[in-house]
Amino acid sequence: MSTEQTLAVETRDLACTYMSGATSVAALDGVTLTVRRGEFVAVMGPSGSGKSTLLNVIAGLERPTSGWVRVDGEDLAALNEAGLAGHRSKRVGMVFQAFNLLPRYRVVDNVALPLIFAGVPRAERTARARALLDRLGMSSRAEHRTNELSGGELQRAAIARALVGGPAILLADEPTGNLDSANGAALIALLDELNRGGQTVLLVTHDGSIARHAGRIMHLRDGKVLD
Amino acid sequence: MRLGDLAAMSLGNYARSRLRSALTTAGVAIGTALVVLLIALATGAENNVRRSIFSIGDLRLVTVQPFQPGANGLSAVPRTIDDGVVSQFRKIGHVAGVYRQFDAPLGQVVEGGDDAAIRPQGIEPNAPIDRGDLLAGRHLALGDRGVAVIPGNIARLVAPNVTAAIGKLVTLRIGGAVRLGSTRVGGSGTPRDYPVTIVGVFDEAASQTSVRIPLEDALVAGADNRGLTADSLRQQTGYSGIAIEADDSTNVAEIVRSVQELGYSSFSLKQVVEQIDQGFGVFRGILAGIGGVALLVAAIGIANTMVMSVLERTREIGILKAVGAAPGDVRALFLAEAAYVGIVGGVLGLLLGYLGGQVIERIIRELNPRTNPAPIFVVGPDLVLGALGLAILVALVAGFLPARRAMRMSALSALRYE
């Protein structure tokens with residue numbers, strides 16, 4: 001197997017600079033990292049260390065100022081806006097601290113949402129969403145609206161949505177940030193289980209007790225990788 | 001994104017904020033209804049006028065008058081039409097027939113009494129005015145002399161009915177004074193009597209006083225009246241008018257131009273119809289413009305609603321983009337939502353405009369039962385399609401900028417939007 005195929009994510013000298021008034025702020029300052037397939041990597045750092053920016057760049061929501069990033073072998077710099085949208089619907093799945101589900105849709109429709117933009121027919125979308133909810137122990141909640149769900153259930157639904165496209169990598173940005181400790185622990189257990197099933201996971205957190213579950217921990221500070 | 005999904009998803013968005021969508025749609029419906037109503041009114045009026053013109057005459061006909069066209073219609077100068085000119089008319093392209101006419105002095109059918117005053121028209125066989133309007137007998141034919149085709153009202157003065165008039169020998173007294181209605185007209189010259197056989201009776205709807213006689217007879221009567229010979233009359237006075245028939249109505253304008261180049265003024269219904277068409281085009285344009293203003297107001301309403309909708313759904317747009325919606329998908333979603341406003345508003349507006357026209361028409365007929373029976377409002381298939389297309393177009397144009405705004409929104413800042 002070539003390195004191309006064994007690497008889920010590869011970045012080289014990633015830099016992201018913002019203008020804040022007259023001063024420029026470097027959110028990322030030369031980040032080089034690789035995530036192999038099947039790995040569970042946690043990126044740790046205090047707030048403002050650039051860890052969310054790193055995740056957004058890998059997700060194709062943000063373009064780096066310099067350096068490059070490859071996800072599943074694809075160089076994101078070569079993609080236009082529509083190409084990046086395709087990247088988000090096929091190669092990566094995102095889980096946010098704020099869940100970001102659409103309250104007016106049923107849970108199953110929320111989970112199936114990314115498949116709409118990938119052009120998957122309705123029947124297949126629903127079948128895949130239901131199968132995934134079943135796997136995550138959420139099948140009883142499939143027909144509910146999101147406002148009838150608890151925080152832990154919302155985040156499980158969000159993970160189902162992130163996984164429905166069969167992404168090369170699951171990107172989780174502080175997924176336990178809005179959960180109590182019991183639900184947080186359950187969620188990490190779920191990520192662990194998914195990883196053991198072969199899912200590559202890149203988790204961003206400032207919480208060391210959560211990062212411990214990852215196979216590898218990277219520390220980020222002021223936009224730079226430590227050690 | 002599949003078209004079916006786009007349609008279903010945007011329909012959901014359209015139906016979600018019911019009151020707001022309903023109000024915006026109502027705006028489009030009212031604008032469309034006004035456009036439909038006003039154009040239907042203009043079309044009805046135009047149809048009415050055109051119908052009455054078509055019943056008057058043939059659109060292939062160009063009538064040449066013995067005048068030289070002046071700078072305006074009032075300053076026309078008399079100009080003789082002799083046989084030389086007629087042969088020039090025959091050479092004009094696309095001319096299917098040239099028919100000379102000579103009007104003899106006013107006269108009377110003696111057997112009909114004082115009410116039988118006539119205008120004898122000397123015409124050639126198959127002249128456009130002597131076609132297809134017979135009540136009995138036949139039209140003038142080649143080689144006829146001493147015959148006449150007379151209107152039904154005069155036939156009934158000289159015989160019990162129109163059929164009985166056929167073959168009857170009557171006396172045309174041409175020249176001198178005649179009574180027209182209640183007034184006596186001092187005619188020209190000394191009256192002379194000419195015996196003629198009635199060969200045909202035409203429907204007096206065309207004319208109650210015209211008597212159609214062979215051209216040569218009319219020329220002789222005219223010459224007798226003025227103490228000339230028929231040939232010198234042809235040269236000096238010329239014909240009263242020439243009817244030129246085009247091979248097709250589309251060539252009428254060309255023939256009219258040629259006649260004018262020869263120095264004669266002419267008249268054609270076709271040109272009148274064209275002028276009427278032009279006039280109605282302007283009329284219709286003005287009415288459509290009034291309706292258009294209503295649609296413009298509706299468009300501003302749509303744009304406003306869409307801007308609000310984009311703003312309200314900022315976070316949703318961010319989520320859609322984060323899970324893989326392409327910029328074009330987002331734009332399509334909002335444009336499709338605007339299109340729904342146009343489609344629903346357009347259909348409702350069509351119904352409203354059509355039914356409104358029916359109601360107004362009924363009220364008008366109720367108030368004035370003697371109103372012309374032709375429809376006042378005419379909604380044709382082109383108006384239906386046009387109005388619907390216009391409503392959708394207006395909605396799409398109004399939705400374009402808000403949709404573009406949604407498309408260009410950064411996914412990250414949209415996700416952070418509260």
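Predicted model: local features only at pLDDT ≥ 70, side-chain atom pairs only at ≥ 80, totals over all residues.
Entry 1, overall form. I looked up the secondary structure of chain B and found 13 helices and 15 strands. I then compared its radius of gyration, 34 Å, with the value near 22 Å that a compact globule of 418 residues would have. Along the principal axes, the C-alpha atoms of chain B fill a box of roughly 110 × 50 × 35 Å. I recorded 40% of the 418 residues as buried.

Entry 2, strand β6 of chain B. I turned to residues 117–123 and found six of the seven buried, so I describe this strand as mostly covered. Strand β4 (residues 95–103) runs antiparallel to β6(B) and is joined to it by three bridges; here I located Phe102(B) with Gly122(B) as its bridge partner. Strand β5 (residues 107–109) is also antiparallel to β6(B), through two bridges, and Gln108(B) stands opposite Ala117(B). With strand β13 (residues 210–214), β6(B) pairs in the parallel sense over five bridges, and I found Pro120(B) opposite Val211(B).

I found 20 residues of chain A in contact with 18 residues of chain B. On the chain A side, α3 (81–90) and α4 (107–117) each supply at least two residues. The largest share, six residues, comes from α3(A). By class, I recorded ten nonpolar, five polar and five charged residues on this side of chain A.

Note on methods: Residues numbered from 1 in each chain as written. Chains lettered and ligands numbered in written order. Helix = DSSP H or I, 4+ residues; strand = E, 2+ residues; numbered from the N terminus. Rg over C-alpha atoms; globule rule 2.2 N^0.38 Å. Buried ≥ 20, exposed ≤ 12 C-beta atoms within 10 Å, placed from the backbone. Contact = placed C-beta atoms within 7 Å. Nonpolar A, V, L, I, M, F, W, Y, C, P; charged D, E, K, R; others polar. Pairing = 2+ DSSP bridges.
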